[in-house]
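Work through the exercises below with the model open. Try each task before you read its solution.

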Amino acid sequence: MNNIIVIGGGVGGYAAAVRSSELGDKVTIVEKTQLGGECINRACIPSKTLIDAVKLLNKLNKSTWISAEAELNYEKLMQFKTQVIENVRLKMEKRLAEQGVTIIQGEARLEEGGEVVVNSQRFNPDKVVLANGSIPISFPDFPLNGNNVLDPWTAMNREVPKKIIIVGGGVAGVELATLFSAMKREVTILELMPQLLPGFDKDLASAVKKRLEEKGINIYLNAKSKVVNSNGSVEFSVVIPSGEEKVVGDLAVITIGRKATTAGLKLKENGVEVDQRGYIKVNESGQTTNPSIYAAGDVAGPPLSATKAWKQGIVVGDNLGGVKSKMPSFYPSSIFADLEIGTVGKTVDDLKKSNVDAKEITIHMKDIPRAWTLNETEGFLKIVISQNKIVGAHMIGEGAAEVINTLALAMETGLTIDQIYPVLFSHPTVSEIITEAIQRAKYGEVY
């Protein structure tokens, strides 16, 4: 039995603590603020609670057979959001207690020799798990000021003014634009790259851009921007291919840039290496360059997502408890805009750059009967096939975040198209879009 200290009570640290304690280790978890970390308290859970409320409102207003007018009561919604956060956090606390994990509130320091100091108490554990997370970076061009130039989660959890400028058209930028637009705010996105959602499938990114613009959101691509004045309003200088423009808003939300939280950790003195960006280097088991120290979540590098953090925590817990485990090959990602987005694996363009032969199969949501019954026929699923296996999947549409998990299962287990083909999906469901994709990949169109 190991004596383990986990520094950081976010989803990565929590998962590591639960799993290693299940395997018989004596575990203490240290959290300086609230259990659940960024995801539960400020990011994933609150943002999805708010966006799901927006989707419900949109669905009601879109249903022409319902004679009603609905509007968002933001104050009550924020109360509900707080209740959701507390319920999730209490469930986590209960689970740790069931496993006999000791919870200490305080800021931990990792001293030379692996000693951990918390609230003047000193511990000498057998193993340490670093799950300190990450924090927003304040760039010279976008200086966070705590007033009207803010990080995403600070902006989301306060009163929202009329005109909002979002810097960055990635996952957080798209989700927050969806939310603020539904609150009848004027929203502008400034994205440096030539497409929204950089790195995503280009057709998916184009569909998302079209959907957001239909809602009145202004989107600048190829936009090199910077804050030039934040006294009162926030003024941006925005250079685009056609020239330079001035964009002014009441609030700027900076969704780009985070860094590993490693303050108070004597990494070099403990033989723990970091990469060029300051993230802790780990192997596929979550072990650092010091065999007695592991890391999980954002502090261990991209992707900076709760999806990765949960799994990395489990993998670390497994290995601490003597069960050999490693990180998966495929990481599904979900975006909760008013139309869900799910993606996993490679795009055709990715594979072309690597000289890998691949083909795409695209199925539009309007081809799936369940989409019509849900009154949401926009969107598509695109699967990327190479050597008779799915190597990528990209979807925008109702239920995309759930569908993409099923495809990640097929990809991680290495199922071929021939092996998936006999599987029966119930009808009518959104996930039937998978069987239609497989049908078309193997023989031809049915729907």
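**Exercise 1. Find which residues of α1 meet which residues of α8, then describe the packing of the two helices.**

Step 1. List the contact, meaning heavy atoms within 4.5 Å. From α1 come Val-11, Gly-12, Tyr-14, Ala-15, Ala-16, Arg-19 and Ser-20. They meet Ala-306, Ala-309, Trp-310, Gly-313, Ile-314, Val-316, Gly-317, Asp-318 and Leu-320 of α8. Helices here are DSSP runs (H or I, at least four residues) and strands likewise (E, at least two), numbered from the N terminus.

Step 2. Note the source. This is a predicted model, where local features need pLDDT of at least 70, side-chain atom pairs count only at pLDDT 80 or more, and totals for chains, interfaces and linings use all residues. Residues are numbered from 1 along each chain as its sequence is written, and side-chain values use heavy atoms, with hydrogens and water left out.

Step 3. Sort the contact by class. The contact of α1 with α8 has 10 nonpolar, 4 polar and 2 charged residues. Nonpolar covers Ala, Val, Leu, Ile, Met, Phe, Trp, Tyr, Cys and Pro; charged covers Asp, Glu, Lys and Arg; the others, Gly among them, are polar.

Step 4. Get the geometry. Helix α1 (residues 11-22) packs on α8 at an angle of about 30°, with the axes 7 Å apart. Axes are lines fitted to C-alpha atoms, for helices over the stretch in contact, and angles run from 0 to 180 degrees between N-to-C directions.

Step 5. Classify. The angle makes α1 roughly parallel to α8. The cut-offs are under 35 degrees for roughly parallel, over 145 for roughly antiparallel, 65 to 115 for roughly perpendicular, and oblique for the rest. The crossing of α1 and α8 is right-handed. That term applies if the near helix is turned clockwise from the far one by less than a right angle; anticlockwise is left-handed.

**Exercise 2. Describe how α3 packs on α4 and on α6.**

Step 1. Take α4 (residues 74-98). Its angle to α3 is about 140°, with the axes 9 Å apart. That makes α3 oblique to α4. The crossing of this pair is right-handed.

Step 2. List that contact. α3 gives Ile-45, Pro-46, Thr-49, Leu-50 and Ala-53. Among the α4 residues are Tyr-74, Phe-80 and Ile-85. By class, the contact of α3 with α4 has 10 nonpolar, 1 polar and 1 charged residues.

Step 3. Take α6. α3 and α6 pack at about 50°, with their axes 10 Å apart. The two are therefore oblique to each other. α3 passes α6 in a left-handed crossing.

Step 4. List the second contact. Ser-47, Lys-48, Leu-50, Ile-51 and Val-54 of α3 touch Glu-175, Thr-178, Leu-179 and Ala-182 of α6. By class, the contact of α3 with α6 has 5 nonpolar, 2 polar and 2 charged residues.

**Exercise 3. What lines the second largest pocket?**

Step 1. On a 1 Å grid over the protein atoms alone, a pocket is an open set of points with protein on both sides within 12 Å along at least five of seven lines, and lining residues have an atom within 4 Å of a point.

Step 2. Count. The lining has 16 residues, with Leu-57, Ser-181, Ala-182, Met-183 and Lys-184 nearest the centre. The elements giving two or more residues are α3 (44-62) and α6 (171-182). The largest share, 4 residues, comes from α3.

Step 3. Sort. The lining has 7 nonpolar, 4 polar and 5 charged residues.

**Exercise 4. Locate the cis peptide bonds at Pro-303 and Pro-428.**

Step 1. The bond from Pro-302 to Pro-303 is cis, with omega near -5°. Pro-303 sits in the loop between β18 (293-295) and α8 (306-320).

Step 2. The bond from His-427 to Pro-428 is cis, with omega near -5°. Pro-428 lies in the loop between α12 (417-420) and α13 (432-442).

Key. On a 1 Å grid over the protein atoms alone, a cavity is a set of points where a 1.4 Å probe fits but cannot get out, and a pocket is an open set with protein on both sides within 12 Å along at least five of seven lines; lining residues have an atom within 4 Å of a point.
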